[in-house]
Amino acid sequence: MALIPNPKPAIPPGLGPIADTVVSWGKWAVLAAGVVGLLICAMQIIIGRRNRNAMAADGVAGAVWVIGGLALAASAAGLVGVFIL
């Protein structure tokens with residue numbers, strides 16, 4: 001039986017710097033969205049402290065989702081590497 005070829009990923013000529021730029025822009029956008037998201041959640045917690053318990057609870061739940069999203073973004077390259085390489 002012939003083995004199925006499984007070559008390693010290769011960067012097309014000239015595309016490496018462009019791909020690096022796009023990935024770095026994506027990382028920056030995720031970090032900016034994470035900071036804004038955590039600030040909004042903190043504001044909800046602060047405003048909801050008195051007589052607005054649902055808003056404070058939404059802020060805490062939102063913070064958990066934002067932190068989860070940031071953790072996923074931080075591990076994105078490693079996760080993709082597990083499946084590709």
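Q: Why is the crossing of H1 and H2 called left-handed?
A: The crossing of helices H1 and H2 is left-handed in this predicted model, since the near helix is turned anticlockwise from the far one by less than a right angle. Local features need pLDDT of at least 70 and side-chain atom pairs 80 or more, while totals for chains, interfaces and linings use all residues. Residues are numbered from 1 along each chain, and side-chain values use heavy atoms, without hydrogens and water.

Q: What makes H1 and H2 roughly antiparallel?
A: H1 (residues 16-47) and H2 (residues 53-74) pack at about 165 degrees, with axes 7 Å apart. Angles over 145 degrees count as roughly antiparallel, so the pair qualifies.

Q: Which residues of H1 meet H2?
A: Val30, Gly34, Gly37, Leu38, Cys41, Gln44, Ile45 and Ile47 do, with partners in H2 including Met55, Asp58, Val66 and Leu70; contact means heavy atoms within 4.5 Å. The contact residues comprise 13 nonpolar, 5 polar and 1 charged, with Gly counted as polar.

Q: What lines the largest pocket?
A: Val22, Val23, Gly26, Lys27, Val30, Leu31, Leu70, Ala73, Ala74, Ala76 and Ala77 form the lining (an atom within 4 Å of a pocket point on a 1 Å grid, a pocket being an open set with protein on both sides within 12 Å along at least five of seven lines). H1, H2 and helix H3 (76-84) each give two or more residues, and H1 has the largest share, 6 residues. The lining divides into 9 nonpolar, 1 polar and 1 charged.

Terms used. Axes fitted to C-alpha atoms, helices over the stretch in contact; angles between N-to-C directions. Helix = DSSP H or I, 4+ residues; strand = E, 2+ residues; numbered from the N terminus. Parallel < 35°, antiparallel > 145°, perpendicular 65-115°, else oblique. 1 Å grid on protein atoms, 1.4 Å probe; cavity = no way out; pocket = protein on both sides within 12 Å on 5 of 7 lines; lining within 4 Å.
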